[in-house]
Amino acid sequence: MRLSHLCNLLPTRLALPAALFLVLFALAGCDVAGAPPTPTLIPTPEPTFTLAPPPTDTPVPLPTDTPTVAPTNTPTPIPLAERKYVPILAYHHVRPFRPSDTDDDRGYIVPPATLEKTLKYLKEKGYTGVVSQQVYDYYANGTPLPEKPVMLSFDDNDGTQYTEALPLLKKYGFNATFFIMTVTLDKENYMSTEQVVDLDKQGFDIQPHTWDHHMVIKYKTEEDWQTQIVEPKALLEKLLGHPTPFFAYPYGIYDSQAAEKIKSYGYKAAFRLSENMDDQTDPLFAIKRYIANPYFTEDQLDQVLDGTW
């Protein structure tokens, strides 16, 4: 009898021992009480293993929290003979004219609307604001500047520079250098210490401009030099927490002896005015600026920007 026929014999009573019957039944693969058939198993291939190489004495570096910084390209210095003039404008008061202003006064006053017109013109012409450190790095080391740089500078920390000029500088995206006469800090109509510190925190450039605006060629004693040149620099550095190594001559007036003296106190460069020049002076201590006045036409401003005034 075939084992496959045993399933058909379930309704009948076979005279087989119970144990033998169960064995034969299992061999026949018959269902019991509706149980599912046993699935056919597919053999699993034997896993393969790759043996790790034996350990060596070379240590494996552990990860650190210090990110790897990709090297940056150092810009190629511009040769000395190819370094061009950088236009620098010097502002003082930024406010409307008053009836009491004399003609001489008005030469140092630029109304806010006039300053805005100039900044808008510079922006449209593609100029980028630079500060004293950038100008120094360019002239001293040939560090490249933006294609069309202009340095906007403000002397004597008049209060209108903070209230009127600052919003316009930010509106048109220009940085600027503020040369601070320290005797006037916290005085009426001048910037406060807090405002000067705020300018620095916003990224504007703060540098010394003597204690009380005395001309450098008139200092007679070491005390004069300490009061006018050394102490203002130390005060600003204490307030700001960083070096302030650039200087603007009061009235733009200097000579080579005064320039060398200023250099000896740790200054890196100094800025004069266009009409005052001593050919014996280190050029880094005679960087030319033009006083910005409200009467510039566009043609005259272009001449200043080109250095042909």
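Leaving aside neighbours within four places in sequence, which residues is L239 in contact with? I looked these up first: L185, T193 and V197. Contact here means heavy atoms within 4.5 Å.

**Ground rules.** I noted that this is a predicted model, where local features need pLDDT of at least 70, side-chain atom pairs count only at pLDDT 80 or more, and totals for chains, interfaces and linings use all residues. Residues are numbered from 1 along each chain as its sequence is written, and side-chain values use heavy atoms, with hydrogens and water left out.

**Entry 1, L239.** I found L239 in helix α7. Helices are DSSP runs (H or I, at least four residues), numbered from the N terminus. L239 has a relative accessible area of 32%, so I logged it as partly exposed. The scale is buried under 20%, exposed over 50%, partly exposed in between (1.4 Å probe, protein chains only). V197 is 42 residues from L239 along the chain, yet I read 7.0 Å between their C-alpha atoms.

Next I took helix α7 (residues 222-240) with helix α8 (residues 256-264). Their axes come within 12 Å and cross at roughly 65°. Axes are lines fitted to C-alpha atoms, for helices over the stretch in contact, and angles run from 0 to 180 degrees between N-to-C directions. Which residues meet here? From α7 I listed E222, W225 and I229; from α8, A258, K261 and I262. By class, I noted four nonpolar, no polar and two charged residues. Ala, Val, Leu, Ile, Met, Phe, Trp, Tyr, Cys and Pro count as nonpolar, Asp, Glu, Lys and Arg as charged, and the others, Gly among them, as polar.

I then turned to helix α4 (residues 132-141), whose buried residues are S132, V135, Y136 and Y138. They cover an arc of only 165° around the axis, so they sit on the same side of α4. The arc is that of the directions from the helix axis to the C-beta atoms. Just after α4, I saw G142 take a positive phi of about 75°.

Is Y138, at 6% relative accessibility, buried or exposed? It counts as buried. Not counting residues up to four places away in sequence, Y138 touches I78, E82, R83, K84, V86, T143 and L145.

How values were computed
Helices (H or I, at least four residues) and strands (E, at least two) are DSSP runs, numbered from the N terminus.
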